[in-house]
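Student: I am new to this structure and would be grateful for a guided reading. Please show me the sequence and the model.

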Amino acid sequence: MNAPAKSPAPAEPAQATSTFTLLRTLSVVSAICGVIIVASYLATLERAKDNRRLAAQRAVFKVLPDASSVKEYLALPTGEIVPAGGGDPPPGALRFFSAYDAGGRFAGIAAEGAAKGYADLVRVMFGYSESCHCIVGIGVVSMRETPGIGDKILTDKDFISNFKALDVRLKGDLSALANEVKVVKHGVKTQPWQIDAISGATVTSRAVGKGINDAAQLLLPRLVPRLDQLREKS
Amino acid sequence: MSGPSPAAFSMAPPSQWEEFTEGMWRRNPVFVMVLGMCPTLAVTVSAINSISMGLATTFVLAASCLLVSALRRLIPKEVRIATYIVIIATFVTVVDYAVQAISLDLYEALGAYIQLIVANCLVLGRAEAHAARAAPIPATLNAIGMGLGFTLGLTMIGGVREILGAGAFFGIPLFGPGFQPWVVMVLPPGGFFVMAGWLLLFAIVRRRLAARDAGATRAAPVANSGACHGA
């Protein structure tokens with residue numbers, strides 16, 4: 001339809017607001033907003049930190065059933081192991097958790113690995129036991145895989161049994177894993193370092209294997225020579 | 001062609017109750033204005049996610065509309081959109097921190113969609129179309145009503161998707177172990193299917209009501225549905 005010739009609404013007086021006024025308004029509004037943000041950050045910081053710590057602890061307890069207390073450490077590229085403090089970790093540092101049982105004895109190591117799955121990063125936590133040089137449990141930290149297909153890695157009993165004793169022993173010179181952790185087609189697993197994929201969820205299965213392998217290849221050569229250091233701290 | 005009569009409602013200023021209930025039914029953000037579709041389709045895989053997302057949006061809506069309305073005489077029109085976005089982004093940040101403090105699982109489940117509330121057409125639309133020209137109390141009431149209407153819409157979609165796609169409601173299994181989940185319902189296409197189903201139902205109800213009113217008074221001001229105010 002044709003717009004009426006006369007102006008639809010009386011226009012506001014066409015005087016431009018001065019730049020100073022614009023700047024002042026934006027500054028005042030930004031200052032108010034800044035105060036609100038800082039206040040809410042400070043108010044929620046402690047709770048959020050606690051939540052993160054509890055979530056990490058829960059994940060560790062899941063992969064190391066004997067654990068009853070957890071300490072967080074960083075493995076530096078130089079090979080040193082230092083307790084994780086506040087602030088950002090130095091570049092190249094790997095975060096891991098050292099777990100202790102109810103009697104305070106060293107119960108194993110837990111660390112996180114991640115690899116690209118079908119939809120997004122699949123982040124897994126795995127538990128390492130030094131007595132068998134193997135992985136004794138995994139848990140999924142986060143994923144966005146297809147419900148009913150990729151998320152079978154949480155429920156498929158055959159798949160989970162891969163991680164009862166997944167061999168990750170190191171080479172003689174402790175420079176890398178003796179055998180790469182490999183995901184193989186469903187039903188052809190023959191070696192203790194292989195992972196039997198879920199048929200129909202191969203991409204997600206592979207992501208789990210790759211995440212574990214990448215993290216273990218980096219972390220374990222740094223860690224295994226110095227496990228005594230963690231034992232002492234208990 | 002019968003001309004639209006938008007003046008029908010603006011004869012008298014709406015009462016506070018009308019302000020509050022506007023978003024629940026007459027201009028429900030999800031089913032009537034069809035605003036904020038990005039979170040509506042993306043996070044409604046379960047009822048609890050939907051209700052959390054709805055409440056987070058409600059808080060952002062109410063708080064930013066209150067502040068926009070309180071500052072409305074100070075904000076020059078040249079920088080109003082920038083100001084509104086700063087205000088909205090502030091409260092989105094507050095919600096982001098709050099959800100992290102309340103539940104990390106929920107934070108993971110909602111993902112980037114909490115931050116994306118800042119780009120929700122509904123929030124900026126209400127700030128620009130309503131809060132900028134209303135006093136703080138009616139503006140906030142209207143915003144809360146809109147937010148609750150949004151929450152209701154999300155939960156109606158999320159509830160159906162969870163029941164069909166996971167056989168549960170608010171995480172409580174409904175059908176026992178023999179149930180074969182209708183997986184497509186929790187995948188992205190399911191969001192569109194369920195949304196379309198509800199829209200169809202609402203269109204039918206609306207048409208019936210309008211036809212009844214028309215039979216009674218011979219006036220037919222059907223509430224227009226595509227009302228995306230400037231955002």
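Student: In which sense do strand S1 and strand S3 of chain A pair, and over how many bridges?

Tutor: This is a predicted model, in which local features need pLDDT of at least 70, side-chain atom pairs count only at pLDDT 80 or more, and totals for chains, interfaces and linings use all residues. Residues are numbered from 1 along each chain as its sequence is written, while chains are lettered from A and ligands numbered from 1 in the order in which they are written. Strands (E, at least two residues) and helices (H or I, at least four) are DSSP runs numbered from the N terminus, and two strands pair if DSSP finds at least two bridges between them. Strand S1 (residues 69-75) and strand S3 (residues 94-100) of chain A pair in the antiparallel sense, over 7 bridges.

Student: Which residue in S3(A) is the bridge partner of A:Ala75?

Tutor: A:Ala75 lies in S1, whose residues are 69-75. Its bridge partner in S3(A) is A:Leu94.

Student: Which strands are the edge strands of the sheet?

Tutor: The open sheet has 7 strands in the order S2-S1-S3-S4-S5-S6-S7 (chain A), with antiparallel pairing. An edge strand pairs on one side only, which holds for strand S2 (81-83) and strand S7 (166-167) of chain A.

Student: Which helix gives the largest share of the side of chain B that touches chain A?

Tutor: Contact (C-beta atoms, placed from the backbone, within 7 Å) links 23 residues of chain B with 22 residues of chain A. Helix H4 (80-102) and helix H5 (104-110) of chain B each supply at least two residues of that side of chain B. The largest share, 11 residues, comes from H4(B).

Definitions and conventions
Two residues are in contact if their C-beta atoms, placed from the backbone, lie within 7 Å.
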